[in-house]
Amino acid sequence: MNHILTLIVFFPIVAGIFAFLVHPKSVRVFGISVATIEFILSIILWLGFDANTSGIQFVEYIPLISQFGMSYYLGVDGISLFLVILSTFMTMVALIAVSIKTDIKNLVIAVLFLETTMVGVFLSLDIILFYLFWEASLVPMLYIIGAWGSERRIYAAIKFFLYTFAGSVLMLVGILYMGYLFYEATGMWSFAITDWYQMALPFGTQLWLFGAFFLAFAIKVPMFPFHTWLPYAHGQAPTIGSVILAAVLLKMGTYGFVRFSLPLFPDASIYFMIPIAIIAVIMVIYAAMVAYAQEDMKQVIAYSSISHMGIIILGTFAMNAEGITGSIFLMISHGIVSGALFMLVGVIYDRRHTKMMSQFGGLASVMPTFATIYGIMLMASVGLPLTIGFVGEFLSLMGFYRIDWVITLFAGTGIILGALYMLTLYKRSFFGEVTNEENRSLKDLNGKELSALIPLVILVVLLGVYPKPILGPIDLSVKKMIQTMDNKVVTKEAKDLIYKANSIGGGE
Amino acid sequence: MEKYLYITLFAPLLGSLIAALFAAQKKMLFTGIITSILIGISFLSSVILLNYIDGDTILHVKMMDWISAGNIDIPFGFVVDQVSVIMMVTVTLVSTVVHVYSIGYMEHDKSFNRFFSYLSAFVFSMLILVMSDNFAGLFIGWEGVGLCSWLLIGFWYHKHSASWAANEAFIMNRIADLGMLMGLFLIYWKVGSLQYDIVFANIVNLDVTTLTWIGVFLFIGAMGKSAQFPLHTWLADAMEGPTPVSALIHAATMVTAGVYLVIRAGEIYALIPEVGYVIASLGAFVAVFAASMALVNRDLKRIIAYSTLSQLGYMFVAAGLGAYWIALFHLMTHAFFKSLLFLGAGNVMHAMNDELDIKKMGGLYDSMKATAILMTLASIALAGIYPFAGFFSKDKILEVAFNHEAYLLWFALFIGAALTAFYSFRLVMLVFFGEKVHKKLGFHPHEVQPFVIYALTPLALLAIVAGFFEHSFHAFVTDLLKDYEFTLDHSIALILIFATSAVALSGIGFAVYKYSRGGFSESWEKKGIYKLLINQYYIPKFYELTIQKPLYNLSKFAWQKIDLKIVDATVDMIARVLYGTGDTARKIQSGNLSSMLRWMVAGVAILLVLAIFIRPMV
Amino acid sequence: MMIGLTHYLILSGILFIIGLVGVMRRKNLLMLFFSTEILLNAVNIGFVAVSKYYGDLSGQMFAFFIIAVAASEVAVGLGLLVLWYKRTGSTDLDSLQMMKG
């Protein structure tokens with residue numbers, strides 16, 4: 001178990017290199033096997049994970065450029081553990097469901113490379129390493145969208161790449177400046193996040209650095225008004241690309257907030273809390289309304305992702321264990337649910353080569369199993385209790401209620417609007433009479449699709465009923481993080497706010 | 001005893017899952033039978049629990065943990081106390097009848113199995129709602145019944161109106177659910193727990209403003225589920241669902257969840273009588289408002305739906321004024337006679353090939369005597385005539401209003417009672433008596449299978465006799481609920497009873513008199529008041545014009561104008577400016593060595609100048 | 001009058017400007033080579049002069065490097081020039097436009 005993290009990070013990419021040697025006919029099976037082994041490895045990691053420790057576990061530390069404090073530094077805690085498992089799981093499921101025939105070899109290799117970068121982002125504790133994985137993740141995705149997308153794929157791919165890339169360049173500047181500050185303060189270079197956690201920064205510096213990191217994360221999330229790359233990327237990407245993009249890549253942004261922005265710059269985070277919360281509310285309402293106006297099924301889900309990410313942001317900036325734990329749980333649940341929804345859209349797209357709702361209608365009678373699974377995912381998406389979607393949403397909103405109830409009320413309209421656009425989608429596509437003759441002979445889900453979707457359905461219900469195994473470790477690590485923040489804050493207002501956010505009762 | 005608790009709770013779930021396995025297949029009779037038996041078992045074990053519970057012993061179990069994060073800890077905990085056991089018995093009893101009834105009602109439906117799966121799932125959700133020992137668990141059931149209601153209203157999903165009504169119901173309930181969620185959050189952050197016992201033990205420490213907010217938020221939740229104004233429109237539209245669904249969900253159980261919530265949170269509302277008074281006022285308003293719409297409607301099921309709305313208003317009056325046990329009592333008796341009324345209506349619909357317009361019926365008594373008798377009994381109970389169940393519970397509510405010196409509310413309810421009696425018998429007269437209009441339209445009505453009628457008899461029996469359990473009921477539930485003090489003089493109470501009974505009787509008498517002579521003339525339909533009522537005060541139209549359409553247009557605007565034309569265009573413009581700059585600068589790269597060298601020299605010159613004159617920090 | 005560092009540097013500067021003007025104005029490829037040589041040698045003079053002034057030999061070493069580099073550059077350049085002349089019959093700079101972007 002000493003080097004399991006290295007194994008988890010680099011196994012897919014090494015296997016991906018070997019995939020060049022595999023015959024194109026068997027490469028899909030190869031890819032699924034690799035992704036399954038990778039998933040099993042991450043489960044082994046979970047089994048070995050001590051759920052009663054809040055700190056970082058399985059640490060691997062090898063200095064790389066010790067003069068400048070850069071190192072190969074991996075570790076996992078409750079916050080990152082489940083995001084790693086989510087990445088490996090969704091990659092596996094997405095590969096099982098893949099229905100692309102052309103250049104399948106390149107696709108599998110690209111996905112395996114992508115998996116390494118995703119896992120790397122979540123496991124890196126050295127921020128330079130983090131940055132490497134962060135940027136490297138763009139390349140396979142660019143390729144996936146650009147090579148297997150629909151008509152405007154090049155435009156979408158380049159937009160995705162340039163937009164997210166431009167955001168993260170500023171983060172690099174922030175990272176270097178932060179490293180320099182650390183050098184000035186301690187006399188030695190270090191880019192280890194655990195070292196940075198120890199250092200309190202003056203308020204003014206925090207504001208600038210927060211801003212530098214914010215742009216990168218905000219574009220990745222994506223926060224309003226930096227969200228416009230997302231509908232294009234989703235609209236043009238092949239199913240597997242959308243699944244991984246929605247399930248994992250977006251979570252990198254919110255993970256960045258939790259891992260870096262909050263504990264490194266607690267005063268700035270609290271200073272910007274209300275403006276960010278207002279942006280989050282705009283995201284929730286605005287994206288939900290735009291989703292309601294869509295004609296394209298996939299775009300509805302793409303915009304709904306933005307809406308849900310708004311709730312995640314809100315929970316993250318609640319500054320209390322309820323909200324942050326909830327937002328991390330919501331990252332996982334949104335990963336599963338949106339991934340499944342994109343997969344379901346992919347299923348119907350494979351059959352009809354259209355995603356327009358007006359082309360459907362009455363699918364419930366033609367494809368009952370499909371309609372049932374779609375319905376379950378839809379209910380999870382609108383946050384019905386006892387599905388996975390409720391827990392995170394409930395906790396996130398509950399967390400922010402402590403900060404400001406009016407903002408929470410507005411963000412809560414997301415649950416109404418969510419029901420509105422999702423049920424409208426469902427009604428238009430699944431209910432009513434079959435009007436289009438082409439739909440009359442559609443086949444229900446086949447074995448391959450079922451084997452990808454059934455695990456997701458099981459997870460949606462299982463974790464909705466019993467989220468404790470996941471909530472527990474997250475909660476522990478989050479509480480430790482809040483403790484870190486509390487130790488670091490320099491302004492009195494921030495100190496008071498953290499105290500207030502984490503205590504029960506008292507006047508408003 | 002815990003065993004029985006779990007049996008009550010999970011037998012319906014088991015039935016639902018069994019039926020769900022065959023959901024996509026064609027009709028299998030045994031799914032109906034199995035689910036009915038399992039619900040029956042659930043009913044029996046809740047009766048056992050009813051006998052077990054008394055003043056000192058209640059059942060409180062914690063099954064397992066659900067959500068715990070930060071300071072919050074929400075378990076799956078269940079409590080069987082005087083209130084929840086009454087609800088359990090009512091719910092499972094009506095459900096059992098409805099299940100058996102549905103075997104007959106749905107016998108030709110191709111989605112027979114799916115129907116029973118949904119129906120049992122609903123019962124399970126409803127039981128979670130009433131049995132939970134905390135607000136979050138209540139919310140699970142709350143949303144669960146919402147989901148099942150969505151599935152069942154939209155059961156015949158090929159009908160546009162059905163799926164539309166299903167969505168309307170779900171979304172409107174969601175609006176209210178948001179209010180409820182806010183209430184839960186507020187409770188949590190003030191008390192630190194969502195368990196009923198902990199919350200109620202600590203509310204005395206909270207200031208009145210907070211309590212008021214909690215009360216308001218929770219009541220917003222209740223307004224959605226119980227379809228109180230202004231969130232009432234979904235209930236009438238929900239009649240698109242199969243009739244057993246209307247009987248079970250939209251009359252007897254789910255819509256009373258809001259009342260249950262107010263009763264359950266009675267300890268909070270007791271501290272904020274002002275909010276309670278607002279609730280009561282809204283209830284009284286709805287009681288008359290809904291009854292007035294029932295007066296003119298021609299749709300058999302919608303009339304009963306409006307009547308349900310109106311009766312929910314009565315319950316809220318009682319609950320709002322602090323007479324929790326009376327609200328609960330009316331909830332129970334109402335469940336019996338209203339579901340009976342709906343199921344009878346289902347029989348009529350079957351006989352009339354799903355025709356709902358009561359003006360096209362008439363004289364059905366000859367062809368379906370049993371149904372006619374049952375529905376008349378239910379209508380008498382609804383009108384509140386001694387000795388039927390409605391008399392005991394409804395009169396008590398009027399008494400409470402009078403006792404509270406809320407004479408305006410009392411008067412509203414008094415008018416409501418007259419209207420109720422009138423529209424109930426308008427319905428009975430138009431459907432079962434008078435001219436046989438259906439003959440002319442070529443209908444050949446027939447009575448339903450006998451077992452369906454037998455299934456209804458328990459309800460009929462209860463609609464007649466339930467009122468006589470008033471005293472034992474009172475003694476039973478006031479162990480838990482706060483008792484209501486009547487300060488009214490006995491003689492005044494008696495006068496009130498007579499007055500109410502008289503007005504109800506005259507309502508009946510007027511309906512019988514008028515409709516046995518052919519009813520009102522056509523000229524009434526030209527009058528403004530008729531138009532107002534038949535169009536439901538133009539409220540659905542109003543919602544469509546002021547909320548639905550503008551929201552859609554605004555969404556379109558947000559997408560096409562803001563998102564594409566402003567936000568995205570700005571991003572693209574930045575890219576285009578960069579691209580354009582490059583395109584312009586490209587001309588420099590002419591390929592002519594000579595000009596390139598000149599550019600190079602210029603570059604050197606600039607660098608020299610910079611090196612000499614501009615000194616960056618060293 | 002003693003000839004000092006300043007004079008050498010002025011000479012170097014004048015030569016550099018002559019070379020620069022040549023680079024900018026001449027259209028013949030051969031003339032361009034000449035101008036480049038003048039530029040390099042202008043720098044060489046500067047290097048040697050400063051080296052002598054400070055008594056540091058590294059400047060003269062650098063000058064030798066530049067001479068060597070210039071020689072090899074001319075060798076390669078003239079070879080290409082001859083080839084180009086054979087192919088097109090011209091050594092005019094304006095005929096060299098293949099790198100247009």
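1. The contact between chains A and B. This is a predicted model. Chain A brings 48 residues to the contact and chain B brings 40 residues. On chain B, four elements each supply at least two residues of the side that touches chain A: β1 (59–69), α5 (135–153), α6 (160–191) and α24 (539–585). Which of them gives the most to that side? It is α6(B), with 14 residues.

2. Make-up of that side. The side of chain B that touches chain A holds 22 nonpolar residues. The rest of this side is eleven polar and seven charged residues.

3. The contact between chains B and C. Here chain C gives twelve residues and chain B gives ten residues. On the side of chain C that touches chain B, seven residues are nonpolar, two are polar and three are charged.

4. Length of α1(A). Helix α1 of chain A runs over residues 4–18, which makes 15 residues. At 1.5 Å a residue, α1(A) should span 21 Å.

5. The kink in α1(A). Where does α1(A) kink? The kink is at F10(A), shortly before the proline P12(A). Its angle is about 40°.

6. Burial of α1(A). P12(A) is also one of the buried residues of this helix.

Conventions: Residues numbered from 1 in each chain as written. Chains lettered and ligands numbered in written order. Predicted model: local features only at pLDDT ≥ 70, side-chain atom pairs only at ≥ 80, totals over all residues. Contact = placed C-beta atoms within 7 Å. Nonpolar A, V, L, I, M, F, W, Y, C, P; charged D, E, K, R; others polar. Expected span 1.5 Å × (residues − 1). Bend = angle between axes of the 7 residues up to and from the residue. Buried ≥ 20, exposed ≤ 12 C-beta atoms within 10 Å, placed from the backbone.
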